[in-house]
Amino acid sequence: MTRSFSIETKNHGPVRVIAIRGYLDAHTAPQFENVVAEELRAGRCRLVVDCTDLDYISSAGLGVFMTFIDEARQAGGDIKLAAIQPKVYQIFDVLGFPALFDIQPSVEQAVARFDGAAEKD
Amino acid sequence: MASYERTFCLQVPSSTENLALIREFVAAIGEQAGFSENETARLALAVDEACTNVIEHAYENEATHEVTVRVTVDEDEIVFEVIDRGKGFDPTQAPVLPVEELIRQRRSGGLGLRLIRSIMDDVQYRIVPGEKNELKMIKKRRAGGAGGADAARPAQG
């Protein structure tokens, strides 16, 4: 009885959008970790994680964000989160993630945060 | 003393593949016991975290063992016991570091425990040497609120 989890990546201008769907737990987190690691290895450090269809996250999933956030920022990018459902957001909130991560209501707004940063440069 | 008590038990192989099954088990009981959807989701998360710790640390990701989740519901509280026979590790003695510090150290290990502690009212750990390790997590019902005793009292009154 394995609940589905899937990942889809696409470009949104200069930003890479990673859409994660379903249940992100200790069983499925390694898939997500591999995708983020691969993006960073390929030099794509401006990432938006689209959480529109993310139904569940446990610490294993949260750990992926924690593992890579510094690396992405040090490379001049960021890992931004977008469109988190309230039931999932409460978990991020309990751990104080909103103070540490850039969380936006929509993918477009998250992408725009990168564009805005680029304009200032 | 509680006037009624119901116990449910689930035993599954120690693989993360079964975390979804464990969450559904906990959610079904939480719902039946009258906890709200949000509360039930948090209870399922806490038990997921406890079982993940067992699978990854007590059993070091060997799927050939068993994890037992025992749930007892009464008028006052819901009690979860996660039982294993692996390497004992008392998570209640582990330091709870700020998330910023965990990021600095690239450690996500402390997050699950933070979640368990923030969700549950009481967390206890017991090692019975040579027999079992048991993490007991207690969630009190809120008086008069969602998940209150009235919501779950059997209909016969």
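**View 1. Where chain A touches chain B.** In this predicted model, 22 residues of chain A are in contact with 23 residues of chain B. On the chain A side, two elements give two or more residues each: helix 2 (59–74) and helix 3 (86–94) of chain A. Helix 2 of chain A supplies the largest share, eight residues. Sorted by class, the chain A side of this contact holds 11 nonpolar, seven polar and four charged residues.

**View 2. Helix 1 and helix 2 of chain A.** Helix 1 of chain A covers residues 29–41, and its axis comes within 9 Å of the axis of helix 2 of chain A. The two axes cross at roughly 10°. Angles under 35 degrees count as roughly parallel, so helix 1 and helix 2 of chain A are roughly parallel to each other. From helix 1 of chain A, the contact is made by Ala29(A), Phe32(A), Glu33(A), Val36(A) and Leu40(A). Helix 2 of chain A contributes residues including Val64(A), Phe68(A) and Glu71(A). By class, this helix contact has eight nonpolar, two polar and two charged residues.

**View 3. The open sheet of chain B.** Five strands of chain B form an open sheet in the order 1-2-3-5-4, with antiparallel pairing. Strand 1 and strand 4 (122–128) of chain B are the edge strands, and each pairs on one side only. From one strand to the next, the twist averages 15°. Strand 4 of chain B is joined to strand 5 (residues 132–140) of chain B by seven bridges. Within this chain B pair, Gln124(B) has Lys136(B) of strand 5 as its bridge partner.

**View 4. Strand 2 of chain B and its two neighbours.** Strand 1 (residues 5–13) of chain B pairs with strand 2 of chain B over nine bridges, in the antiparallel sense. Here Leu10(B) stands opposite Val69(B) of strand 2. Strand 2 of chain B is also joined to strand 3 (residues 77–84) of chain B by six bridges, and these two strands run antiparallel. A hairpin of two residues links strand 2 to strand 3 of chain B. Thr68(B) has Ile83(B) in strand 3 of chain B as its bridge partner.

View 5. Strand 2 (residues 66–74) of chain B has a covered face made of Val67(B), Val69(B), Val71(B) and Val73(B). The uncovered face has Glu66(B), Thr68(B), Arg70(B), Thr72(B) and Asp74(B). Helix 2 (residues 37–58) of chain B lies across strand 2, strand 3 and strand 5 of chain B. This helix of chain B runs at about 15° to strand 3 of chain B.

Notes
Residues are numbered from 1 along each chain as its sequence is written. Chains are lettered from A and ligands numbered from 1 in the order in which they are written. This is a predicted model: local features need pLDDT of at least 70, side-chain atom pairs count only at pLDDT 80 or more; totals for chains, interfaces and linings use all residues. Two residues are in contact if their C-beta atoms, placed from the backbone, lie within 7 Å. Helices (H or I, at least four residues) and strands (E, at least two) are DSSP runs, numbered from the N terminus. Ala, Val, Leu, Ile, Met, Phe, Trp, Tyr, Cys and Pro count as nonpolar, Asp, Glu, Lys and Arg as charged, and the others, Gly among them, as polar. Axes are lines fitted to C-alpha atoms, for helices over the stretch in contact, and angles run from 0 to 180 degrees between N-to-C directions. Angles under 35 degrees count as roughly parallel, over 145 as roughly antiparallel, 65 to 115 as roughly perpendicular and the rest as oblique. A residue is buried if 20 or more other C-beta atoms lie within 10 Å of its own, exposed if 12 or fewer, and partly exposed in between; C-beta atoms are placed from the backbone. Two strands pair if DSSP finds at least two bridges between them.
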